[in-house]
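Please read the points below alongside the model.

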Amino acid sequence: MKARVLVLVVCFSLAAVAALAHGGEEHVMGTVTKVTADSITVKTTAKEPVTVGVVPATKFTMGKMAMKIDGLKVGDRVVIHATEPKEGTLVADTVDFSTPKAPAGAGTATAKAPKNTATNH
């Protein structure tokens with residue numbers, strides 16, 4: 001019985017740590033549909049548009065490389081960690097992005113060399 005209670009306490013503790021690790025941030029994931037100097041609009045994985053504000057303190061990264069907002073383009077995939085300073089308004093703390101994946105088979109076609117029809121005699 002004591003072992004079950006101990007396991008239950010450990011599970012609750014781990015859940016609480018996981019919840020606090022994100023500091024109450026919202027996560028917005030999807031594809032960029034619009035970029036302005038002060039906001040990013042994302043078509044989320046749930047197919048809903050979400051607009052997130054951008055402030056001077058917002059950090060942008062592509063992979064492990066620091067970027068600026070002008071590196072972000074429509075079609076890029078993003079994961080935005082944002083806070084909600086007031087009800088219904090999101091402001092980005094960090095924006096992690098990558099370029100869209102090329103469609104399957106894109107760029108893999110190679111041009112065939114023309115056949116040499118001349119003969120040397």
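Where does Ala 46 lie? Ala 46 sits in the loop between S2 and strand S3 (49–53).

1. Basis of the note. This is a predicted model, in which local features need pLDDT of at least 70, side-chain atom pairs count only at pLDDT 80 or more, and totals for chains, interfaces and linings use all residues. Residues are numbered from 1 along each chain as its sequence is written, and side-chain values use heavy atoms, with hydrogens and water left out.

2. The chain as a whole. The protein chain has one helix and seven strands, and from the N terminus on its elements run α-β-β-β-β-β-β-β. Helices (H or I, at least four residues) and strands (E, at least two) are DSSP runs, numbered from the N terminus. Of the 121 residues, 20% count as buried; buried means under 20% relative accessible area, exposed over 50%, and partly exposed in between (1.4 Å probe, protein chains only). The accessible surface of the chain comes to about 9300 Å², and 63% of that belongs to carbon and sulfur atoms. Accessible areas come from the Shrake-Rupley method with a 1.4 Å probe; for residues, only the protein chains shown count as cover.

3. Contacts over the sequence. Among contacts between residues at least 6 apart in sequence, 47% join residues at least 24 apart. Contact means heavy atoms within 4.5 Å.

4. Lys 43 counts as partly exposed because its relative accessible area is 42%. Thr 44 counts as buried because its relative accessibility is 13%. With neighbours within four places in sequence left aside, Thr 44 is in contact with Val 28, Met 29, Gly 30 and Val 50.

5. Lys 47 is found in the loop between S2 and S3 and, at 59% relative accessible area, is exposed. Phi of Lys 47 is near 70°, a positive value in a residue other than glycine.

6. A charged patch. Which residues form a positive surface patch? The patch is made up of Lys 43, Lys 47, Arg 77 and Lys 101. Patches are made of residues with over 30% relative accessible area and no salt bridge, like charges being joined within 9 Å and nonpolar side chains (Val, Leu, Ile, Met, Phe, Trp, Tyr) within 5 Å. A salt bridge is a side-chain nitrogen of Lys or Arg within 4 Å of a carboxyl oxygen of Asp or Glu. Lys and Arg count as positive and Asp and Glu as negative, while His and the chain ends are not counted. The place of a charge is taken as NZ of Lys, CZ of Arg, CG of Asp or CD of Glu.
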